[in-house]
Amino acid sequence: MSRMKNFESMDEVERKARALLEERGVTMDDIAELVYFLQSKYHPALERSECLENVDRVLSKREVQNTVLTAIELDILAEEGKIQEPLLRILRDDEGLYGVDEVLALSIVNVYGSIGFTNYGYIDKLKPGILESLNDKSSGKVHTFLDDIVGAIAAAASSRLAHRAANTE
Ligand code: MG
């Protein structure tokens, strides 16, 4: 069952958003794994493929793609030193009180309703799976924005999954 979107049917923005995630080391399976982490205790028969499909649907939304493009661009610019001080230092250090990364991620969190917000807070605190490696600051990479948008995509996909499960039960 391949209900996943195929590359040919996507426009430039969607292709670039999906490609950037991969280039920055985040696969759709990584995000699906986070969805599984969030939802498997509520849906015992939950399958990985269902998680993946919900991630795919979230990534099909324009407002999500726009946020992904913006967030990753800022990470890359910071990594290349192409941002002015003091913002450059703040982004490179991933300063805890900066907070704009989290605010940007909120534009993804709520696309499938407010339970996304709860999921996002939970996953941001525990940092399971890919989120743990993205937070490893010894890599020399800047993932100040990426970790939040990955968590937000997983949270939104979880809400979509939960809403749909509730409608079929
Ligand atoms: Mg962050």
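At what angle do helix α4 and helix α6 pack, and how far apart are their axes? The legends below treat this packing and further close-up views of a predicted model.

**Figure 1. Packing of helix α4 against helix α6.** Helix α4 comprises residues 62–79 and helix α6 comprises residues 100–109; the two pack at an angle of about 160 degrees, with their axes 9 Å apart. Angles over 145 degrees count as roughly antiparallel, and α4 and α6 are therefore roughly antiparallel to each other. The crossing of α4 past α6 is left-handed. On the α4 side the contact is formed by E63, V64, T67 and A71, and on the α6 side by L104, S107 and I108. Sorted by class, the residues of this contact are four nonpolar, two polar and one charged.

**Figure 2. Surroundings of S107 in helix α6.** S107 is placed in helix α6. With neighbours within four places in sequence left aside, S107 is in contact with E63 and T67. Both of these partners belong to the α4 side of the contact between α4 and α6. Is S107 buried, partly exposed or exposed? S107 counts as partly exposed, because its relative accessibility is 35%. A further reference point is S139, which is 32 residues from S107 in sequence and 28 Å from it in space, C-alpha to C-alpha.

**Figure 3. Packing of helix α4 against helix α9.** Helix α9 spans residues 146–168 and packs with α4 at an angle of about 160 degrees, the axes lying 9 Å apart. This angle makes α4 roughly antiparallel to α9. The crossing of the pair is left-handed. From α4, the residues V64, T67, V68, A71, I72 and D75 take part in the contact, and from α9 the residues L146, I149 and I153. The contact of α4 with α9 comprises seven nonpolar residues, one polar residue and one charged residue. V64, T67 and A71 of α4, which take part here, are also listed in the contact with α6.

**Figure 4. The loop between α4 and α5.** E85 and P86 are joined by a cis peptide bond, with omega about 5 degrees. Most peptide bonds are trans. P86 lies in the loop between α4 and α5, the latter helix spanning residues 87–93. The loop between α4 and α5 also holds G81. G81 counts as partly exposed, because its relative accessibility is 36%. Which residues does G81 contact when neighbours within four places in sequence are left aside? Its partners are L88 and R92. G81 and R92 are 11 residues apart along the chain, and their C-alpha atoms are separated by 9.1 Å.

Figure 5. Most residues other than glycine have a negative phi. D94, in contrast, has a positive phi, near 50 degrees, and is found in the loop between α5 and α6. With a relative accessible area of 19%, D94 is buried, because the cut-off for this class is under 20%. The phi of K127 is also positive, near 45 degrees. K127 is found in the loop between α7 (115–126) and α8 (130–134). The relative accessible area of K127 is 25%, so this residue is partly exposed.

Figure 6. Q39 is placed in helix α2, which spans residues 28–39. Q39 counts as buried, because its relative accessibility is 3%.

Note on methods:
Residues numbered from 1 in each chain as written. Predicted model: local features only at pLDDT ≥ 70, side-chain atom pairs only at ≥ 80, totals over all residues. Heavy atoms only, no water. Axes fitted to C-alpha atoms, helices over the stretch in contact; angles between N-to-C directions. Helix = DSSP H or I, 4+ residues; strand = E, 2+ residues; numbered from the N terminus. Parallel < 35°, antiparallel > 145°, perpendicular 65-115°, else oblique. Left-handed = near helix turned anticlockwise from the far one by under 90°. Contact = heavy atoms within 4.5 Å. Nonpolar A, V, L, I, M, F, W, Y, C, P; charged D, E, K, R; others polar. Buried < 20%, exposed > 50% of the residue type's maximum accessible area, 1.4 Å probe, protein only.
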